[in-house]
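Subject: Structure for your review

Dear colleague,

Please find below the structure I promised to hand over, together with its sequence. I would be grateful if you could read the notes that follow it with the coordinates open beside you.

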Amino acid sequence: MTQTRTSDVGRLARFPSSRVTKWFVVGFWLLVLAAAFGPAGKLQGVLNNEAVAWLPTDAQSTQVVQQITAFQSKNEFPAVLVYERPAGVTRADLAAVAGQVRQLNGLGPVRHDSIGPIPSQDGKALQVVVPVDMGTSGWEKLPTTVDDMHAIARSSPAGLSMHVTGPVGYSADSADAFSGIDGKLLYSAMVVVIVILLLTYRSPVLWLIPVISAGTALFVAQGVIYFLAKDDTLTVNAQSSGILTVIVFGAGTDYALLLVARYREELRRHEDRHEAMAFALHRAGPAIFASGSTVIAGMLCLLVATMNSTKGLGPVAAIGIAIGLAVMLTLLPALLVVCGRWIFWPVRPTYGSYDHTRDGVWARIGARIARAPRRTWVVTSVLLAVASLGVLQLNAVGLQNKDAFYTTPESVVGERVLARHFPAGAGSPVMVLANANRTTEVGIALRTVRGVASVGDPVTRGGRTLIQATLTSAPDSEAATRTVDRIRSAIAVVPGADAIAGGDTATRADTLRAAANDNVRIIPLILTVVLLILVLLLRAITAPLVLIGTVVLSFGAALGLSSLAFRHVFGFAGADSSLPLFVFVFLVALGIDYNIFLMTRVREEAREIGTRRGALVGLAATGGVITSAGLVLAGTFAVLGTLPVVTFAEIGVAVALGVLLDTLVVRPVLVTALNLDLRGRTWWPSRLASQDAALDAAPSPAEEGAPTLEPAQRRGPPRVPASAG
């Protein structure tokens with residue numbers, strides 16, 4: 001029987017686990033953490049939530065934002081103040097609001113005069129449009145500006161209510177929702193991780209090491225990203241910042257679980273804990289490194305996205321995973337060997353002690369699957385395919401502002417009041433830019449478009465003209481999107497006008513189309529990249545194709561079941577257009593980790609005992625830890641639901657459900673059944689496929705009712721049981 005000799009363990013595996021160098025590793029990361037701690041706390045201050053940081057790069061709406069600087073700041077957006085008195089607005093109301101307008105014009109972010117008060121036709125409401133310059137800080141200061149507006153409105157006569165809506169109102173509510181996002185997500189994720197680790201390890205102290213390591217990775221990643229964002233090398237917004245916290249903490253803890261599990265195995269085979277860790281890194285390190293590399297490659301695929309917000313998430317997440325991977329392969333093992341075996345108290349894995357994984361729950365499940373593997377994978381696949389049909393219930397065409405939050409924020413209330421008394425598109429006009437010598441023709445074209453309520457007076461500067469068109473439909477409705485399409489078609493045929501249309505509604509339309517385009521482009525790219533990595537890792541073609549197929553099936557089932565939950569359980573009106581892509585990226589890039597860890601172990605065992613028995617041993621050895629890792633990752637993504645934002649909740653629910661499906665059904669049942677059915681063909685066309693035939697000819701111990709033994713456990717009894725190290 002082939003054994004792994006001490007000389008076979010490379011220097012990379014020995015460096016963080018040796019008696020001397022472990023202290024250098026710990027000292028190095030302490031210095032790095034000390035240097036990164038301060039900058040990490042400043043990351044929120046350099047987030048770029050400007051409109052351009054979110055929009056598609058080449059869209060007309062983005063071009064309007066960039067070209068409108070001749071007329072106003074590119075960061076200027078309207079705050080729509082709507083005053084309402086159901087019994088009818090009085091002269092005193094009108095005079096009071098007129099006085100408030102003068103005060104509103106004096107606010108710092110208001111660069112030029114407001115428009116209004118404009119009475120409604122029914123005489124029950126007034127409208128004031130306040131141009132607010134959000135500045136380079138994006139929406140960060142908008143809640144304060146909105147509070148100042150409410151303070152001014154307190155002087156209104158009794159019975160006259162005021163609400164702030166429009167782009168500024170919604171942005172302010174979004175800023176409130178994302179306020180303290182890193183802290184909320186970090187603490188929620190920590191609670192979830194700690195609880196799961198306590199249940200997994202049943203140790204009151206062991207959980208500290210993975211949590212400390214994951215926290216170190218997160219703070220270092222935030223510090224590095226801060227410097228890159230500060231120098232404008234990287235664009236980071238609230239979305240990518242929030243996901244960074246979840247993905248680093250979740251994936252980092254996953255890698256920790258996988259390594260600790262293998263370390264615990266090796267502690268039963270080696271008297272010296274340093275030697276045990278070196279062997280654990282030698283055996284599990286390549287799989288963990290391959291898993292992290294797959295995630296990094298998948299995230300970097302987002303760089304080809306047309307949506308700037310999606311494109312920016314790619315490198316942010318990749319940096320976080322890369323640092324997390326480095327921490328878990330160096331600091332974590334160093335801390336574990338520094339602490340010694342007592343860290344596993346009260347169940348210390350002593351030298352020569354019994355390994356319960358060989359006859360545990362996953363070993364028994366594997367034995368049941370082995371009785372009818374083909375029937376098992378066929379039935380499982382059919383059930384997952386049926387679950388995938390729920391995708392037909394997914395309404396991923398974007399969420400209207402009123403449906404974007406769990407609660408009903410003031411901006412939504414204000415929009416409803418505005419729609420009762422004014423044209424639905426009031427306060428969020430379509431912004432049309434055209435060459436000045438074609439102003440008249442463009443104006444005529446706009447007035448002929450169905451769905452345009454009114455066209456404002458043109459303003460000409462520097463050879464270009466700005467014309468604002470108010471729509472009859474709500475700015476975030478499908479009807480308004482169709483009107484924008486008609487506007488663009490009408491102005492495009494005006495010769496020599498070079499006319500483009502932007503504004504709130506146009507931005508929504510461009511975002512929906514860009515997200516749909518990204519789905520079509522990026523999903524196949526990620527599949528190709530992951531497939532190539534699996535081919536290189538497993539040195540086969542069959543196994544990678546099978547794993548990719550199971551991942552796609554898992555993704556479809558997760559999205560299908562999530563779609564049903566969104567509509568019939570949570571009552572969400574729809575889904576963000578980018579939801580399928582984000583769920584796919586996280587499920588494939590992160591979910592493939594478990595398949596990599598399982599299949600590398602199966603391959604390791606197959607070289608010794610054949611694929612049939614290797615599949616059962618691999619499942620028994622990795623089943624518990626992969627399930628725990630899946631629970632951790634699912635739990636950390638589920639904490640996205642702590643934010644009152646529907647889009648984040650949907651991503652969290654879908655990814656959490658997908659991870660649970662992967663770790664409880666797809667990986668242990670479907671993949672294992674396929675391995676048992678395909679046998680040596682799993683490794684085609686590698687040499688292992690032909691070598692496997694002879695080993696597989698013998699009956700499986702699981703089929704004979706015998707316990708499944710790992711190669712290392714068949715290498716002979718330990719010399720002297722001890723608890724050294």
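The notes below treat a sheet and its helices, then a pair of helices, and lastly a single leucine.

Please bear in mind that this is a predicted model.

The sheet. Four strands make up an open sheet, arranged in the order E2-E3-E1-E4 with antiparallel pairing. Strand E2 (115-119) and strand E4 (161-165) lie at the edges, each pairing on one side only. On average, neighbouring strands of this sheet are turned by 20° against each other, with direction ignored. Strand E1 (residues 76-84) and strand E3 (residues 125-133) run antiparallel and are joined by nine bridges. Within that pair, Leu81 has Val128 in E3 standing opposite.

Two helices pack on this sheet. Helix H5 (residues 142-153) touches E1, E3 and E4, and its direction makes about 160° with that of E4. Helix H6 (residues 166-178) likewise touches E1, E3 and E4, while its direction makes about 95° with that of E1.

The helix pair. Helix H13 (residues 373-388) and helix H18 (residues 542-568) have axes that come within 7 Å and cross at roughly 45°. H13 is therefore oblique to H18. The crossing of the two, H13 and H18, is left-handed. On the H13 side, the residues in contact are Ser381, Leu384, Ala385, Ala387 and Ser388; they meet Leu553, Gly556, Ala557, Gly560 and Leu561 in H18. Sorted by class, this contact of H13 with H18 holds six nonpolar and four polar residues, and no charged ones.

The leucine. Leu234 is located in the loop between helix H8 (208-230) and helix H9 (238-267). Is Leu234 buried or exposed? Its relative accessibility is 12%, and because the limit for buried is under 20%, Leu234 counts as buried. Leaving aside residues up to four places away in sequence, Leu234 touches Ile225, Leu228, Ala229, Pro315, Val316 and Ile319. As for Arg488, its C-alpha is 33 Å from that of Leu234, and the two residues are 254 apart in sequence.

I would be glad to hear your comments once you have looked through the model.

With kind regards

How values were computed
Residues numbered from 1 in each chain as written. Predicted model: local features only at pLDDT ≥ 70, side-chain atom pairs only at ≥ 80, totals over all residues. Heavy atoms only, no water. Axes fitted to C-alpha atoms, helices over the stretch in contact; angles between N-to-C directions. Parallel < 35°, antiparallel > 145°, perpendicular 65-115°, else oblique. Left-handed = near helix turned anticlockwise from the far one by under 90°. Contact = heavy atoms within 4.5 Å. Nonpolar A, V, L, I, M, F, W, Y, C, P; charged D, E, K, R; others polar. Pairing = 2+ DSSP bridges. Buried < 20%, exposed > 50% of the residue type's maximum accessible area, 1.4 Å probe, protein only.
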